[in-house]
Amino acid sequence: MPHDLVVRSRRAVLPDGTRAAAVAVSGPCIAAVEDYGATLEAGRDVDLGDLALLPGLVDSHVHVNEPGRTEWEGFATATRAAAAGGVTTICDMPLNSLPPTTTVAALAEKRAAAAGKCWVDVAFWGGAVPGNEASLRPLHEAGVVGFKCFLLDSGVPEFPPLDVAGLRSALGALAAVDALLIAHAEDAAEIKPASGRDFGAFVASRPPIAERRAIEKVIAAAAATGARAHIVHLSAAECVAMIAGAKAAGVRLTAETCPHYLYFAAGQVPDGATEFKSCPPIRDSVNREALWRGLEAGVIDCVVSDHSPCPPELKALGSGDFGAAWGGIASLQLGLSAVWTVARRRGRTLDDVARWMASAPAALAGLPAKGLLAVGGDADLVAFDPDETYVVDPARLRHRHPVTPYAGRTLTGRVRQTWLRGIPLLEGEGGTPVGRLLERG
Ligand SMILES: [Zn+2]
């Protein structure tokens, strides 16, 4: 039987390395991976030549904020940005939407809000908050990919943090069903209030020890319960050694970092430039180098965006006050280019990037059909020019609000086409959203 689509590339990034190959697609799945010049009958045969063929990226850390704060972002805009950035699956965070995804009813509301609007596939995190322990198992059974918790104020009142006892208790409950807990790990006791335009003062107000103290709590609770735990958006590179030690000791721990921590350094951030505000903060260049080494050594498992936009007014762009600004950087569309720009300079390969940004986050979220160019998997494909450079123009971003610290930066590596389950996504503005709402595999 002829295939629906064949995509050929001299640089196909396969699970066992990059080589020339032809990927044959039947229906929504990869049906075969053959030699580049193989004779394959297909409805459509696309030869990318020297363009790289990557697996569709999986971004396991995205705040879509719909329903409830749809003026901040939304499924239609976030998933358009994802497709443009080569991301074919996002996992939506349980907070900043209203209601937060802390009950099965709230998950149903979220799924209803997303239905029919998504240009890429969307999976959902549940939330672990004080008082919702009875909802954890039903949410797990309803297909969430795991549970997010905070260990300090989340910034929104409807998603309060867990204390140490609550963390242990939640991890104990999740261990019983082998569900994953992901934690925003900063310790409020180590954080000082910050205000004003001085970025250095803002960074100093959230020192590395705030991350260290919180990660210690997560490691202790994971060790005590046997549960799987994951540190989101690691910024303080001094914690890499502690995470490596916990892993070596058999604690079921993983960690992610984000493109902005790998691309920017605090010294480049002008005072008052609140588009750079995230929590934890972008730190100095020595820290950035150490984060890269932690990633290259395999201690940090994934690189995902923490795409967390808000309306420009909430970014306090006028006053430049780091105390008043919402902490969050929107980079769903730019993460691949930002990471590749630095990775290639460091002699890393597209295999590394595909592992950090596709297969590792897919494994983290329990989505076995995603993140690999492998027979039987979903035909989520990205045509990527690893040599093309471009200057970031906010007007070309598909996010709801084009506020970005990458404005004017020259990035290397551009997405030319994205296919979701064999369907091309970047051919004009027409068409209907073909993304599906996923459950944990
Ligand atoms: Zn986040």
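**His 401.** I started with His 401 and found that it counts as buried, at 15% relative accessibility. Keep in mind that I'm working from a predicted model here. His 401 sits in the loop between strand E15 (381–391) and strand E16 (410–420). Then I looked up its contacts, skipping neighbours within four places in sequence: I got Glu 71, Trp 72, Cys 310, Pro 311 and Pro 312.

**The zinc ion.** Which residues coordinate the zinc ion? I found His 61 (NE2), His 63 (NE2) and Asp 306 (OD), at 2.1 to 2.2 Å. Along the chain, these donors follow the spacing H-x1-H-x242-D. His 63 and Asp 306 come from distant parts of the chain, 243 residues apart. I placed His 63 in the loop between strand E6 (57–62) and helix H1 (75–84), and Asp 306 in the loop between strand E14 (302–303) and helix H10 (335–345). Buried or exposed? His 63 is buried, with a relative accessible area of 4%, and Asp 306 counts as buried at 10%.

**Nonpolar cores.** Next I checked the largest nonpolar core, which has 100 residues. Phe 147 is one of those with the most contacts inside it, and so is Trp 356. I picked Phe 147 and listed its contacts beyond four places in sequence; among them are Trp 125, Leu 136, His 140, Leu 174 and Ile 182.

**Salt bridges.** How many salt bridges does the structure hold? I noted 28.

- Arg 10 and Asp 50 meet through their side chains at 3.5 Å, N to O. Arg 10 lies in strand E1 and Asp 50 in the loop between strands E4 and E5, so the pair ties together parts that are 40 residues apart in sequence. Arg 10 is partly exposed at 43%, and Asp 50 is partly exposed at 49%.
- Arg 69 pairs with Glu 158, with their closest N and O atoms 2.8 Å apart. This pair ties together parts 89 residues apart in sequence. Arg 69 is buried at 14%, whereas Glu 158 counts as partly exposed at 22%.
- Lys 370 and Asp 121 meet at 2.7 Å, N to O. They link parts of the chain 249 residues apart, with Asp 121 in strand E8 and Lys 370 in the loop between helix H11 and E15. Both residues are buried.

Technical notes
Residues numbered from 1 in each chain as written. Predicted model: local features only at pLDDT ≥ 70, side-chain atom pairs only at ≥ 80, totals over all residues. Heavy atoms only, no water. Donors = N, O, S within 2.8 Å, 3.2 Å for Na, K, Ca; no water. Helix = DSSP H or I, 4+ residues; strand = E, 2+ residues; numbered from the N terminus. Buried < 20%, exposed > 50% of the residue type's maximum accessible area, 1.4 Å probe, protein only. Core = buried A, V, L, I, M, F, W, Y, C linked by side-chain atoms within 4.5 Å. Contact = heavy atoms within 4.5 Å. Salt bridge = Lys/Arg side-chain N within 4 Å of Asp/Glu carboxyl O.
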